[in-house]
Amino acid sequence: MSNRPLSPHLQIWKWGPHMLVSILHRVTGDGMALVGLAVLLWWLGALASGPAAYEDFVTLATSPVGYVVLVGLSWAFFTHMMSGLRHFVLDIGAGYELDTNRMWSIASPIIAILLTAGFWAAVLYL
């Protein structure tokens, strides 16, 4: 048993952007499933409960805390989407070259932030 090699541990691996994108993909998926589902159910419940309940929902959703939650959900959506598209390209066999993989690992979260900013610019100003 003492001659068996040890499995690599996190202290051995060199952290890179591809690891961050992978972790963000999992976290944003869970965040959308938990927080997004709660917001969706609250919105549907308020919609079904009448004008007073819906007005309470709109009041909180348009408060600073509500905007933080909604912007966070949209950022999670775009981050998850960009990471999913990156993984889709990897699944078809492209993008495994080290420079290409690193470039798209860095570009994915940046594009997600730009898409989130563009989405909220369109929502608030159009």
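## Rings and a helix crossing

Let's start with the rings: Y67, F77, F78, F119 and W120 are linked by ring pairs into a cluster. Rings of Phe, Tyr and Trp (its six-membered ring) pair if their centres lie within 6.5 Å, with planes under 30 degrees apart called stacked, over 60 edge-to-face and the rest tilted. Keep in mind that this is a predicted model, where local features need pLDDT of at least 70, side-chain atom pairs count only at pLDDT 80 or more, and totals for chains, interfaces and linings use all residues. Residues are numbered from 1 along each chain as its sequence is written, and side-chain values use heavy atoms, leaving out hydrogens and water.

In total, the structure holds six aromatic pairs. Take W42 and F57: their ring centres are 4.9 Å apart and their planes sit at 80°, so this pair is edge-to-face. W42 belongs to helix α1 and F57 to helix α2 (residues 51-61), so the pair ties together parts 15 residues apart in sequence. Helices here are DSSP runs (H or I, at least four residues), numbered from the N terminus. F57 has 10% relative accessibility and so counts as buried, while W42, at 40%, counts as partly exposed. The cut-offs are under 20% relative accessible area for buried, over 50% for exposed, and in between for partly exposed (1.4 Å probe, protein chains only).

Now follow α1 (residues 17-49) to where it packs with α3 (residues 64-91), at an angle of about 135° and with the axes 8 Å apart. Axes are lines fitted to C-alpha atoms, for helices over the stretch in contact, and angles run from 0 to 180 degrees between N-to-C directions.

Notes:
Helices (H or I, at least four residues) and strands (E, at least two) are DSSP runs, numbered from the N terminus.
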